[in-house]
Amino acid sequence: MLCRFELGQATSRETIVIMPQTVTFNNRDLDLKHLWHGNLQHRGLESRPPLEVTSGDGCYVVDSEGRRYLDGMAGLFCVNVGYGRREIVDAVAAQMSQLAYYPLTQSHGPGAQLAGRLAELLPPGLDRVFFTNSGSEAVETALKMARQCARQMHPGENRYKIVARHRGYHGFTMGAL
Ligand SMILES: Cc1ncc(COP(=O)(O)O)c(C=O)c1O
């Protein structure tokens, strides 16, 4: 429930009256008014709104009507370890309490430790990790690295072309799209 305040018109003799007026928005109204769904065709959303997902447990999610679904896509591959894993919730809460974020312009233990663990798991030669916030950003970074690599391997040339498959999908950003 949100509250809106209406301003009255002021004339030279009147006082401005501020009246609280209660307006109720539900999540569906807010969604239709303000959310841009990145991978949905918006036409028709009013008559066929997307599911409002409210909770998740293991490989299932529950919508606002209480219906349970098997999330075969694992939250678009972002939740491939499953929903509601207590040990992850606790570890995230502990880290958030201690240090929620610091950019890697400096360093911190969790970043260095995760990079080290990934380097152990990766094949030999892949021993340096650059953290990004999304697959799209990872692809953008790979494109920049490829260009830089070409510059260093072929000085004086400007090799910038990227070969991609027609309608291949690698993310939302301009280079990855
Ligand atoms: C092959 C591939 N590359 C990149 C991406 C982009 O990842 P993100 O949605 O995390 O930006 C996706 C996402 O579905 C993908 O399937």
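Reader: Which residue in E4 does Asp57 stand opposite?

Author: Asp57 stands opposite Tyr60 in E4. Before we zoom in, a word on the source: this is a predicted model, where local features need pLDDT of at least 70 and side-chain atom pairs count only at pLDDT 80 or more, while totals for chains, interfaces and linings use all residues. Residues are numbered from 1 along each chain as its sequence is written.

Now, the strands. Helices (H or I, at least four residues) and strands (E, at least two) are DSSP runs, numbered from the N terminus. Strand E3 covers residues 53-57 and strand E4 covers residues 60-63, and they pair in the antiparallel sense over four bridges; to pair, two strands need at least two bridges found by DSSP. E3 and E4 make a hairpin with two residues between them, and Gly58 in that turn has a positive phi of about 65°.

Zooming back out, the chain has five helices and five strands, in the order β-β-α-β-β-β-α-α-α-α. Of its 177 residues, 1% count as buried, meaning that 20 or more other C-beta atoms, placed from the backbone, lie within 10 Å of the residue's own.

Conventions:
Buried ≥ 20, exposed ≤ 12 C-beta atoms within 10 Å, placed from the backbone.
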